[in-house]
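Colleague: Could you please take me through this model step by step? I am new to reading protein structures.

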Amino acid sequence: GLIHSRAAAVCSHLGLGGSLELFGSAAAGFGGSTSDVDLVFITDNQYGLQMVEVLQRVREYLDQTEACYNLTPVFNARAPLLKLTDQTGIEVDLQVNNHLGLRNTKLFATYHTLGGSRVDTVVRAVKE
């Protein structure tokens, strides 16, 4: 979508090697109209950057633009992230190298595809 494209353009502009992936409940088919967008940047680690360094570069760049607002770094978490709100008002969480999150998203997407509405109801209940 549009947010993914914008975020990928920022990473490219900063010269960060890697790929940007959508993950989380929205990517797995469980998102609602109020769901945030979860993005993970998978580095190729060409420059040996650590997760927080990548997020800090993105934050510094976004601080200089008007592409988003409410930039909130959460760097001391188990999975460091940068929270922000896109120009359209959609909340975005950006993480780096969250391979487990990507795998879990694929697993839940499979549950969603195979299980239908019964699985959707259980997953949404657990999420709340």
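Modeller: We shall go from the overall fold to the sheet and then to one residue. This is a predicted model, in which local features need pLDDT of at least 70 and side-chain atom pairs count only at pLDDT 80 or more, while totals for chains, interfaces and linings use all residues. Residues are numbered from 1 along each chain as its sequence is written, and side-chain values use heavy atoms, with hydrogens and water left out.

Colleague: How many helices and strands does the chain have?

Modeller: The chain has four helices and five strands. These are DSSP runs numbered from the N terminus, with helices being H or I of at least four residues and strands being E of at least two. Their order from the N terminus is α-β-α-β-α-β-β-β-α.

Colleague: In what order do the strands lie in the sheet?

Modeller: The open sheet has the order β1-β2-β5-β4-β3, and its pairing is mixed. Two strands pair if DSSP finds at least two bridges between them.

Colleague: Which strands stand at the edges, and why is one side of each left without a neighbour?

Modeller: Strands β1 (18–23) and β3 (68–74) stand there; each has a single partner strand, so one side of each has no neighbour in the sheet.

Colleague: How do β4 and β5 run, and how many bridges join them?

Modeller: Strands β4 (residues 81–86) and β5 (residues 91–96) run antiparallel and are joined by five bridges. Within this pair, L82 stands opposite L94 in β5.

Colleague: Which helix packs on the sheet?

Modeller: Helix α3 (residues 51–63) does, touching β2 (37–43), β3, β4 and β5. Contact means heavy atoms within 4.5 Å. The direction of α3 makes about 140 degrees with that of β5; axes are lines fitted to C-alpha atoms, for helices over the stretch in contact, and angles run from 0 to 180 degrees between N-to-C directions.

Colleague: Let us turn to D93. Is D93 buried or exposed?

Modeller: D93, which lies in strand β5, is buried, with a relative accessible area of 12%. Buried means under 20% relative accessible area, exposed over 50%, and partly exposed in between (1.4 Å probe, protein chains only).

Colleague: Which side chain does D93 join in a polar contact?

Modeller: The side chain of D93 is joined to that of K83 by a polar contact of 3.1 Å. Such a contact is a pair of N or O atoms within 3.5 Å; within protein, one must be able to donate a hydrogen and the other to accept it, and residues adjacent in sequence count only if both atoms are side-chain atoms.
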